[in-house]
Amino acid sequence: MFVLFLIPINVTYALSLDNNELTLAKGENGTVDVYADLEEKTKSVSFSLVFTSYDVPASFKAEAGFKNKINATKNTLTFTEPQEGKVKLGTIEIDVSKTAKVNKGTIKLSNVTASTSSGKVIKLNPTELTVTVGTSSNTEKVKESNLLKEIKSDIVTIDLQDNVYTYEINLSEDVEELDLQAVPKDEKSKVLISNQKISDLKDGTITITVTSSSNTKEEYKIKVNVLKTEKVEIDKEEFEADTSYKRKWVVVIIVSAVTSVFGLILSRKKGE
């Protein structure tokens, strides 16, 4: 005889970074984006951010539009509207001390929870970032720019220009979702495109984030303008009056034409 026990298990979703390892020279700074996988509508996410060395300090900057309440090491992000799917929460900002004595520093994100719209509190897996402190270089670094080669779409056309990172497109109101495909110049670059469903766009904007293999990051903003068809309202009374007036003139013209024809026929008969 077999007995089956059903034990409820809370599904655990992961907090993630776009890069878990980073190398910075003394006096240099860098950033790493933080994401959460939310499989149901969520009102808020909280986590503790702790760094292991004051030579490699770090702080968290919330994504625009998210309210962040900080209490010691704990960050609590509240969303204006419930979020779902892979959501960018914000950015970890790292500043390596010019007099750093350590070779490595670790930034840990732990005690992660998500509060759903249905009232559940879900635990998310923690994550961490390892920062290696390299040696300073006298050689000036050349900043990479224009990481994207092109943006493909069967619906719209976007012509990329050098050092331009904001574009506007116009759509008819029957388009429900875009099909943008970002192609980087270097296939090793990572590309992340935000939600493309028109009704769910935040501030009417699609964001394309490109991160190169050397951790150079660019954001391309695509502003979407939905062109609504204007409805022309007709005044029924004015339309009927105008139509009735035109009909009377048509009748008068027809009667005049008929009279002229009969008059011409009668004139010919009299002449005969």
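In what sense do E3 and E7 pair, and over how many bridges? They pair in the antiparallel sense, over eight bridges. Two strands count as paired here if DSSP finds at least two bridges between them. Helices (H or I, at least four residues) and strands (E, at least two) are DSSP runs, numbered from the N terminus.

Before I go on, the ground rules. This is a predicted model, in which local features need pLDDT of at least 70 and side-chain atom pairs count only at pLDDT 80 or more, while totals for chains, interfaces and linings use all residues. Residues are numbered from 1 along each chain as its sequence is written, and side-chain values use heavy atoms, with hydrogens and water left out.

First, the chain as a whole. It has one helix and 15 strands. Of its 272 residues, 32% are buried, and buried means under 20% relative accessible area, exposed over 50%, and partly exposed in between, with a 1.4 Å probe and protein chains only. The accessible surface comes to about 18900 Å², and carbon and sulfur atoms hold 51% of that. Those areas come from the Shrake-Rupley method with a 1.4 Å probe; for residues, only the protein chains shown count as cover. As for contacts (heavy atoms within 4.5 Å), take those with a separation of 6 or more: 66% are between residues 24 or more positions apart.

Back to E7, residues 104-116.

Now the backbone. Most residues other than glycine have a negative phi. Asn111, within E7, has a positive phi of about 50° although it is not a glycine. Is Asn111 buried or exposed? It counts as exposed, because its relative accessibility is 59%. Asn163 also has a positive phi, near 60°. Asn163 sits in the loop between strand E10 (148-152) and strand E11 (166-172). At 52% relative accessibility, Asn163 counts as exposed.

Next, Pro184, in strand E12, residues 181-184. Pro184 is buried, because its relative accessible area is 17%. Neighbours within four places in sequence aside, Pro184 contacts Leu147, Leu148, Lys149, Ser189 and Val191. Pro184 and Val210 are 26 residues apart in sequence, and their C-alpha atoms are 7.6 Å apart.

Last, the largest pocket. It holds about 1000 Å³ of space. Of its 28 lining residues, Phe66, Gln83, Ser194, Asp200 and Lys202 are the closest to its centre. Elements giving two or more residues to the lining are strands E3 (29-51), E6 (74-95), E13 (190-193), E14 (205-211) and E15 (217-227). Which element gives the most? E6 does, with eight residues. By class, the lining has eight nonpolar, nine polar and 11 charged residues. Ala, Val, Leu, Ile, Met, Phe, Trp, Tyr, Cys and Pro count as nonpolar, Asp, Glu, Lys and Arg as charged, and the others, Gly among them, as polar.

On method: on a 1 Å grid over the protein atoms alone, a pocket is an open set of points where a 1.4 Å probe fits, with protein on both sides within 12 Å along at least five of seven lines, and lining residues have an atom within 4 Å of a point. Points are joined across faces, edges and corners, and the volume is the space filled by probe spheres set on them.
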